[in-house]
Amino acid sequence: MILRAVLLALALAGPVAAQEITAARFTEPTERYGHGILGDAIEFGALEIDVAGQETVTVRLPADHVFEDVAPRLWDVTGDGMPEVVVIETDMALGGSLAVYGAEGKIAETPHIGRTNRWLAPIGAADLDGDGAIEVAYIDRPHLAKVLRVWRFKDGALEHVADAPGFTNHRIGERDIAGGLRDCGAEPEMVVATADWADVVGLRFDGTRFVIRKLGPHRGRESFAAALGCN
């Protein structure tokens, strides 16, 4: 009876511990896609994911895809309390998408924007509207369309929820992506810039509509740092 209990406990606990992602990084730099939106023509062809108790997992993209990104993000997208890896994955003919990877491979992905040299810039992942499901937000084409898009992880996929036009978080050639998510004691709030870079603003999403408020004038990255610090 004791042995059976021990085996049952291991069976229940083992997969959870084995699937815990602890770190991720891009590898295999490549110049096969010459978009250069982040300041140079070097993107990445592979992603390494460190998993507790396992060997490092390597995701290698096909020749017509690249990771067009600054760094992998460890965000809990599925809502299980453990992080997944969120990246910008670009089809060289169809543009960028937001992809979510787990220890066993790709979990979900937004549609590619639809044409070459079109990109997106992630904001964050959280239960934005308090319904128990995780939403993921990004700016679609932060230099052109400047549309904030929200997607919800549901039934193993990302479904489109809502859009808010007139916002951005990146300028061509910048090596990082501005803004992100903050929680200053109320609901999660997305921190981005207005389309003209005049102001830093916060957006809350209640599942139906966005509530937008000005957080201060844009004065460079320190403006975002102050906003994310709830100052």
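I found methionine 190 opposite leucine 203 in β16. The model is predicted: local features need pLDDT of at least 70, side-chain atom pairs count only at pLDDT 80 or more, and totals for chains, interfaces and linings use all residues. Residues are numbered from 1 along each chain as its sequence is written, and side-chain values use heavy atoms, with hydrogens and water left out.

I then looked up the pairing of β15 with β16 (residues 199-205): antiparallel, over four bridges. Strands here are DSSP runs (E, at least two residues), numbered from the N terminus. Two of them pair if DSSP finds at least two bridges between them. Four residues separate β15 and β16 in their hairpin, where tryptophan 197 has a positive phi near 65°.

Next came β14 (residues 180-182). Three bridges join β14 to β15, again antiparallel. Glycine 180 has valine 191 of β15 as its bridge partner. This hairpin has six residues between its strands, and glycine 185 in the turn shows a positive phi of about 105°.

β13 (residues 167-168) also pairs with β15, antiparallel over two bridges. Phenylalanine 167 faces threonine 194 there.

Is β15 covered or open? I noted it as mostly covered, with six of its six residues buried. Buried means under 20% relative accessible area (1.4 Å probe, protein chains only).

**Threonine 30**

I placed threonine 30 in β1 (residues 21-30). Threonine 30 counts as buried because its relative accessibility is 14%. Its contacts (heavy atoms within 4.5 Å) include Ala41, Phe44 and Val66, not counting residues up to four places away in sequence.

Technical notes
Buried < 20%, exposed > 50% of the residue type's maximum accessible area, 1.4 Å probe, protein only.
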